[in-house]
Amino acid sequence: MRIIFCWLLGCASAFGALSWDRLPDLPDREGFAGVYAGIVIDGGEDFLVVAGGANFPEKRPWEGGEKVFYDDVFILPLTKKGEWRKSKTKLPAKMGYGMSTSRDAGTCLFMGGKNASGAKDDVLSVSIKNGNVVIERIGALPAPMAEGVAVEMNGEVIVGAGGDGMTMTKEFYQMTLPDPTFVEWKALGWPEGGRGRVYPVGGVTGNKFYLFGGRDFADSDGEDSERIFDLDWLRDCWELDVKQGKWRRLRDLPVGRSAAPSVAVPVGASSLLMLGGVTVEFLRDQVEARPELKGQGMEHPGFPPSVLAYNVVTDRWSEVGSLPTEGTLPPVTTQLVFWEGKVILPTGEIKPGVRSPQVLIGEVRGTQLSFGFVNWVVVIAYFLGMVAIGYRFMMREAASSTEAFFRGSQRIPFWVAGLSIFATMLSAITFMAVPGTAYATNWNSYIGQWPILLIVPLVVMFYLPFYRRLNVTTAYEYLELRFNVATRVIGSVIFILFHVGRVAIVLYLPALALSSVTSINILVAIGVIGILCVIYTVMGGIEAVVWTDAIQALVLIGGALLCFGLVVSKVEGGVGAIALAMCEQSKGLTASWNPGDLSIGRSSQSGFVIFIAFMFANLPSYTSGQDVVQRYVTTASRKEAARSLWMNIGMVLVGSAIFFGLGTALFVFYQDRPDLMDPALPAKDSVLPFFIMQNLPVGVAGVIIAGVFAAAQSTISSSLNSVATAFTTDIYGRLLRPGSSDLQKLNVAKLVVIVLGVVGIGASSYLAIIKTDEVFLLFNRFIGFALGPLGGLFALGIFAKRPNGLAGLLALIGGVVMVTAVHFLNEFGIVDVMPLLYGAVGFLSTLILGLIVGIVFKAADDEVDGLTIWTQKNHEKIF
Amino acid sequence: MRKYSRKELHELRDFYRASLLDDTLPFWLPEIVDEEFGGYLSMRDRNGNLIDDDKAVWLQGRFAWMMATLYNTVEKKAEWLETSRSGVKFLQEHCFDQDGRMFFLVTREGKALRKRRYFYSEAFTIMAFASFGKASGEMIWLERADALFHKCLGYLDGLVAPGEPKWTNERTMKGLGEPMIFLQVGQILRDSGGDCSSEVIDRLIEKISNFVKDDLHCVMEQVGPNGEVVDHIDARTLNPGHAIEGAWFILAEAKRRGNDPGLMDLGCRMLDYMWERGWDQEHGGIIYFRDVYGKPVQEYWHDMKFWWPQCEAIIATLLAYQLTGDVKYAEWHRMVHDYAHRHFHDKEFGEWFGYLHRDGRVSSPAKGNHFKGPFHLPRMQWYCWQLLEQE
């Protein structure tokens, strides 16, 4: 008696990177090989359509059975978990072994194929209308073709390989649909030196097309070890950059493989899975066991179940589990179908000449490493330490006045302020993203750290004197003095809005990265980071913030160093191997320093442009961001403040080099040990926490994860306190309640910290629940448009004598309009500017506009007395 | 004994047509359709008042089939098609369980109440889907009918279990009901353009013939795995009306195949044996249960007169008469036709009573319940009318 296969009812079993289950069997005794299959949508419901194919209905091939082709079309309602039914609609001919792909619009394409009378060139569009299957021929392939591959990539169909039975199709084609009823093809070429092939596997990840294995007629090029039945099994694999039209050879498969379900499954951020398939060694074993049947027969054990993963970052193959072998057998020569993040393997050949009506459905499973008790103890101890610091400063003074709460009574040592600036500028996601970037790409973003060499001298020489001498609490007070109250309030509001959005993101991203690879629940992570941060910020004010920042900076750098050391010790060749990878595998600095190449487009590789872009992206933070500027006024003197900035240069250059080095080390490590890499790793940012959890001893892992929390908290606590400072000083104390007492202001500041904290935690949890941060990133991006102009406004004030308040205001608005305009021109493809340059666009356009408008709207000399570098004569001189 | 004259046959034809269109259907339509939730509210008392708003799944399928069939064969009446659509939609949307099996009883809104191990809900649903698919031209219903039919064949062949068995394996038995109902389902599916080959029909008839015992002159309701009579009280129980229904399914197949002699013989034997067993010599009518050896029957409603065995006997005798011309069948038809219309027809409110005592007194005045509804009676009226149209 057969079991009834219920719909995903708990009979799932675990097999490596994928967990498998069954859908209802196809209502056919035998099943088919070489079916067409896809997902079709009708009335908002998804249906699996499986059609055509061939089997041996009466006798097996070794009993002299005849292969029969079919034109039947079967439909399974997926959304409603219904039953299979056989459509009254048929394919135009009895055929199989074609190429299929599902389209976003809810139709699928069945292309090419063959039957006893030869190969086909039909392109059939399959849809379901009011429950009825409709199959229309919308065009033809460039040539008759079967046993190839088809994939969909960004809505475009790519089809190729295979052959017409006589010759191989050594070409891939991209389909263009001038109108939905007419098909045209664009040739994408064929890898140079690559042999033609049938039954390869095609895949798409990261906007590139991949071609793996397959088989060809025996040829003098073939290796003997990969030859059987006058066919050569192929090991070579290729990558096609469709945009640039370039093929690149990748690492070979461990052994030749063909006939695996025709599409590779993209998992995580950078892996493609090949599900099963046939190898020569396996076939030889079968022939040896049953020479009289050439390896066929009912005693055949079924095809190899192993699942191989190709990692596009490390360019390595590894075996990552297997297809299920209990109750079902691994299918070959069948069409793989993607549906709702799952993969479906309908029917297929399970032994030579034997089909199965089975329908498998698999879901990618990430590895979740248990965080464990000891690690939690370490993290909790760390958190308690942070809260204790907050408590200590509260007891000391912080709770008593705004002076203490906002400026720490100006008694912070320079080195603490320096560490604090470093920690504030480096968010938790940077801690994970920088190694992630170096792991996945190269060191080019390190160039982004170099402008600190120019920024610090600029700030120390031209900005610091004003902030110190004018004895401001917020940077925006300067704007009122130099321009007018409107610029001050606008500047302050821009800053506040940006940080309101930022708190949510800064909480969400590290929590997401952590929860994706560890057993830490994302909401718990958000809650723990957020709540404790609010507590010590409210209690201890700026002093608690900068002291915890300093500790957090040390934990961060220490953690990164520890990881780096550990990876180096595990990698054969140590630092040398890492250096080698940087040189030979383009993992180091690959940017171009050719002064002739100053492209500002999105794909620019110019080191100069990257440098300029980062220069103006970061300068506003150091000159007009309250979270950093506030540090300048917490030290005892201007000299101390300057020293903290000088110290920051070293921190930034060395600290980030450690992070980049760590990323490269991780690359080398996982290239060495591809088997240790989880193919389902969701994003490059997860590689560091994954490595930590996988390889660091219990407790040590806790310290590093505490470092991740630390990085998040140092950024958030700075945001909380600086927003409270800006709101209380620039909005509440200036506009709403100008005459309010210090105690009132202090209470408002604490309230702002709490409200902002709660809103941030709430928004962040909301992101975690809806699982997308697009809206927030959009919000932050648009607010971010104003940061460059704000930096430009400060520069205008300090470096220009002429422009008055109105000029400043107009320049600020003009700058924002400019950035927004460039952004939209970029979106619509009218210009091509890397978004990183928006900071420079805003900064410079505000500055230039201000200078121009300033010719008309002039400030009187006494209005700018002591407020520009040209009007310092009665005051402390800069030079 | 005398045969029917042409005039009598014409009168009969007109009678069946009139009783279907002017008596039976007006009793049910249009109130039976649940305008709010779809499907049919078929549980009615004598004068048509609703006595229960639950929905018997069998009846949803049966009436949807009846309506679509009238649309296909009698007149393209939009009301019939839409009434049928209401039923098939309700079946599709509310009457299937997660495992693909169907329920037996659901609430008015379509929430499941009861599911039974045997799969008659499926049978009537296939009939409904197939005939509605043909009527509406919407192929999806035919495809659904095909899929469900082939699934049921799997249950029938013992390849798949439709549910947990209630009996141990100590004494396995098989029933006449399943092959019989699916014979008719297969015929309807085939004639609606669905996927049912004559091999499948032959296989089902083969199964039915295992229940026909020429030595005992009877059709068993249940037999052992090898077709043997099982000498226990429940297994000895015969259901003459049911066997007679099976007889006309086979006669109908014989007629469709150009009066296939083998099938005519089988159908007539079944009818002959069970008429003898079922006809109440004392009060008339087909009696409900008999024991194969004349021993006492377990069920105490054994001697009641249900409406449907009379309906089936009316069809079977008329069809047998038409196929063979044997005057015996004309006489039997006259007997059961007269008896049934005299005792079962509700002259005051129309339609038929369902349950009479042996002597013809009304037992329950319900016109619809979990089992009775607009099916056997209108089917008989429609079938006989159509049969006589060909005279």
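Because the model is predicted, local features need pLDDT of at least 70 and side-chain atom pairs count only at pLDDT 80 or more, while totals for chains, interfaces and linings use all residues. Residues are numbered from 1 along each chain as its sequence is written, chains are lettered from A and ligands numbered from 1 in the order in which they are written, and side-chain values use heavy atoms, with hydrogens and water left out.

## Interface of chain A and chain B

On the side of chain A, 14 residues are in contact with 18 residues of chain B, contact meaning heavy atoms within 4.5 Å. The size of an interface is often given as the accessible area lost when the parts come together. Here the buried area is about 1,400 Å², and carbon and sulfur atoms give 54% of it; buried area is the accessible area (1.4 Å probe) that two parts lose on being put together, summed over both.

Four salt bridges are counted between the two chains, a salt bridge being a side-chain nitrogen of Lys or Arg within 4 Å of a carboxyl oxygen of Asp or Glu. A:Lys86 and B:Asp195 meet through their side chains in a salt bridge, with an N to O distance of 3.9 Å. The residues of chain A that touch chain B comprise four nonpolar, five polar and five charged. In this division Ala, Val, Leu, Ile, Met, Phe, Trp, Tyr, Cys and Pro count as nonpolar, Asp, Glu, Lys and Arg as charged, and the others, Gly among them, as polar.

## Nonpolar cores

In soluble globular proteins, nonpolar side chains tend to be buried together. The largest nonpolar core has 165 residues, and A:Tyr622 and A:Tyr632 have the most contacts inside it. A nonpolar core is a set of buried Ala, Val, Leu, Ile, Met, Phe, Trp, Tyr and Cys residues joined through side-chain atoms within 4.5 Å; buried means under 20% relative accessible area, exposed over 50%, and partly exposed in between (1.4 Å probe, protein chains only). Helix H9 (residues 522-570) of chain A gives the most to this core, with 22 residues. Helices (H or I, at least four residues) and strands (E, at least two) are DSSP runs, numbered from the N terminus. Not counting residues up to four places away in sequence, A:Tyr632 touches several residues, among them A:Ile421, A:Val459, A:Leu464 and A:Tyr622. A second, separate core of 136 residues includes B:Ala64, B:Met66, B:Val200 and B:Val219.

## Two residues of chain B

B:Gln381 belongs to helix H13 (residues 376-389) of chain B and is buried, with a relative accessible area of 2%. The side chain of B:Gln381 makes a polar contact of 2.8 Å with the side chain of B:Thr24. Apart from neighbours within four places in sequence, B:Gln381 is in contact with B:Tyr16, B:Ser19, B:Leu20 and B:Thr24.

B:Pro225 is found in the loop between strand E9 (222-223) and helix H8 (233-236) of chain B, and counts as partly exposed at 44% relative accessibility. The C-alpha atoms of B:Pro225 and B:Lys174 are separated by 6.6 Å, although the two residues are 51 residues apart along the chain. Leaving out residues up to four places away in sequence, B:Pro225 touches B:Thr172 and B:Lys174.

## Salt bridges within the chains

Over all chains the structure holds 65 salt bridges. Three within single chains are listed below.

| Salt bridge | N to O distance |
|---|---|
| A:Lys90 and A:Asp72 | 2.8 Å |
| A:Asp121 and A:Arg137 | 3.3 Å |
| B:Arg17 and B:Asp14 | 3.0 Å |

A:Lys90 is partly exposed, at 35% relative accessibility, whereas A:Asp72 is buried, at 12%. A:Asp121 is partly exposed at 25%, and A:Arg137 is partly exposed at 48%. B:Arg17 and B:Asp14 are three residues apart in helix H1 (residues 6-28) of chain B, so about one helical turn separates them. A network of salt bridges links B:Arg190, B:Asp191, B:Asp202, B:Glu253, B:Arg256 and B:Arg257.

Conventions. A polar contact is a pair of N or O atoms within 3.5 Å; within protein, one must be able to donate a hydrogen and the other to accept it, and residues adjacent in sequence count only if both atoms are side-chain atoms.
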